[in-house]
Amino acid sequence: MREQLFFTLLYQMPSLILGLVILRLKVWVQIRFFLLWPGTVLHELLHWIVAFLTHGRPKKVSVWPRRSQNGHWTLGTVVIANLTWYNGILISLAPILGIGLVLLLTPSAHQWHFSQRDLYQWAISAPVWVMCWPSQGDWGLAFKSSKGIFLLIALALLVSAIGVMVLPHEGLLEVMQKL
């Protein structure tokens, strides 16, 4: 288990570094938005899905970059009609699930050998690494409710306990193939 965790972290380093390089592109803002757009779409889609599942009643989604009056860029938004103490933290931190998805798609350490598929996976997951962190507004919303924070801690403990019990030393794809 430890070996797979270490391999997962090492395997994902190229995509994380590529994502950070793309994020720091200052010269061509339009190219940066284009390269980060898949991560923006996933970020907003995860907000929408979790809002839908927690009865947040998502209303409007925007995934096109726009500049606000103060000069900052907004890359995407989801309008939620029913934001409550119990779903606010889940909706606001939902983009973290994108990073979990990238980690779960890491191949098994025992069966891995470098191939062109790895290059594709790193290129596709690079925008996810940098765009699927909750934004400053997401974090502000997440910490408005102390009840939501305790719920998040309990949920994280539950998910990690289930993960330790369910996932063997193999990668997730190998586990799913056996089912």
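This is a predicted model: local features need pLDDT of at least 70, side-chain atom pairs count only at pLDDT 80 or more; totals for chains, interfaces and linings use all residues.
The chain holds eight helices and four strands.

Next, think about how the chain folds back on itself. Among contacts with a separation of 6 or more, 72% join residues 24 or more positions apart. As for the surface, the chain exposes about 11,700 Å², and 72% of that area comes from carbon and sulfur atoms.

Let's begin our tour in helix 1, which covers residues 2-23 and includes T8. Is T8 buried or exposed? Its relative accessibility is 10%, and because buried means under 20%, T8 counts as buried. Setting aside residues up to four places away in sequence, T8 touches L103 and T106.

Now let's see how some helices pack. Two packed helices are described by the angle between their axes and the distance between the axes. Take helix 2 (residues 29-53) and helix 5 (residues 116-131): their axes come within 8 Å and cross at roughly 60 degrees. Helix 2 and helix 5 are therefore oblique to each other, and their crossing is right-handed. On the helix 2 side, the contact is made by L35, L36, P38, G39, T40, L42 and H43, while helix 5 brings P127, V128, V130 and M131. Sorted by class, this contact of helix 2 with helix 5 has eight nonpolar residues, three polar ones and no charged ones.

Helix 5 also meets helix 4 (residues 96-104), and here the axes come within 9 Å and cross at roughly 160 degrees. How are helix 4 and helix 5 oriented, roughly parallel or roughly antiparallel? An angle over 145 degrees counts as roughly antiparallel, and helix 4 and helix 5 are therefore roughly antiparallel to each other. The crossing of helix 4 and helix 5 is left-handed. Helix 4 contributes G98, I99, V102 and L103 to the contact, and helix 5 contributes Q121, S125, V128 and W129. By class, the contact of helix 4 with helix 5 has five nonpolar residues, three polar and no charged ones.

Our next stop is the loop between helix 2 and strand 1 (58-62), where H55 is found. Most residues other than glycine have a negative phi, and most peptide bonds are trans. Phi of H55, however, is near 60 degrees, a positive value in a residue other than glycine. H55 is exposed, with a relative accessible area of 55%. R57 lies in the loop between helix 2 and strand 1, and its phi is near 50 degrees, a positive value too. At 47% relative accessibility, R57 counts as partly exposed.

Finally, which residues does N87 contact, leaving aside its neighbours within four places in sequence? They are T54, H55, G56 and N82. N87 lies in helix 3 (residues 85-92) and counts as buried, at 0% relative accessibility. N87 and A51 are 36 residues apart in sequence, yet their C-alpha atoms are 7.3 Å apart in space.

Definitions and conventions
Residues are numbered from 1 along each chain as its sequence is written. Side-chain values use heavy atoms; hydrogens and water are left out. Helices (H or I, at least four residues) and strands (E, at least two) are DSSP runs, numbered from the N terminus. Contact means heavy atoms within 4.5 Å. Accessible areas come from the Shrake-Rupley method with a 1.4 Å probe; for residues, only the protein chains shown count as cover. Buried means under 20% relative accessible area, exposed over 50%, partly exposed in between (1.4 Å probe, protein chains only). Axes are lines fitted to C-alpha atoms, for helices over the stretch in contact, and angles run from 0 to 180 degrees between N-to-C directions. Angles under 35 degrees count as roughly parallel, over 145 as roughly antiparallel, 65 to 115 as roughly perpendicular and the rest as oblique. A crossing is left-handed if the near helix is turned anticlockwise from the far one by less than a right angle, and right-handed if clockwise. Ala, Val, Leu, Ile, Met, Phe, Trp, Tyr, Cys and Pro count as nonpolar, Asp, Glu, Lys and Arg as charged, and the others, Gly among them, as polar.
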